[in-house]
Amino acid sequence: MLDLTMLIAASAGSLAFGVLAAYGVFRAGFALMRPQIQAPAVKPRPEVAGAS
């Protein structure tokens with residue numbers, strides 16, 4: 001009876017680990033496929049020419 005309990009617990013743990021590992025792989029994959037947000041280029045401010 002103890003062997004059956006250990007077998008069920010091990011299979012449940014293996015299933016949970018597999019699901020979490022697959023979730024991590026898919027999350028990383030979709031994060032890499034997401035278009036990267038580019039920061040807007042800084043617009044240069046016009047400088048007023050000084051009269052000398």
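Predicted model: local features only at pLDDT ≥ 70, side-chain atom pairs only at ≥ 80, totals over all residues.
Residues are numbered from 1 along each chain as its sequence is written, and side-chain values use heavy atoms, with hydrogens and water left out.

**Overall form**

- The chain has 1 helix and 0 strands (DSSP runs numbered from the N terminus: helices are H or I with at least four residues, strands are E with at least two).
- Its radius of gyration is 28 Å, well over the 10 Å that the globule rule gives for 52 residues, so the chain is more spread out than a compact globule (taken over C-alpha atoms; the rule is 2.2 Å times the number of residues to the power 0.38).
- The C-alpha trace spans about 100 × 20 × 5 Å along its principal axes.
- Of the 52 residues in the chain, 0% are buried (buried is under 20% relative accessible area, exposed over 50%, partly exposed in between; 1.4 Å probe, protein chains only).

**Helix α1**

- I8 is found in helix α1, which covers residues 2-33, and counts as exposed at 52% relative accessibility.
- M1, L4, L7 and I8 make a nonpolar surface patch of about 490 Å² (patch residues have over 30% relative accessible area and no salt bridge; like charges are joined within 9 Å, nonpolar side chains, namely Val, Leu, Ile, Met, Phe, Trp and Tyr, within 5 Å; a salt bridge is a side-chain nitrogen of Lys or Arg within 4 Å of a carboxyl oxygen of Asp or Glu).
- A28 also lies in helix α1 and is partly exposed, with a relative accessible area of 42%.

**After the helix**

- P40 sits in the segment after α1 and is exposed, at 71% relative accessible area.
- P40 and G50 are 10 residues apart along the chain, with their C-alpha atoms separated by 30 Å.
- A28 and V48, 20 residues apart in sequence, lie 49 Å apart in space, C-alpha to C-alpha.

Technical notes:
Areas by Shrake-Rupley, 256 points an atom, 1.4 Å probe, with all protein chains shown as cover.
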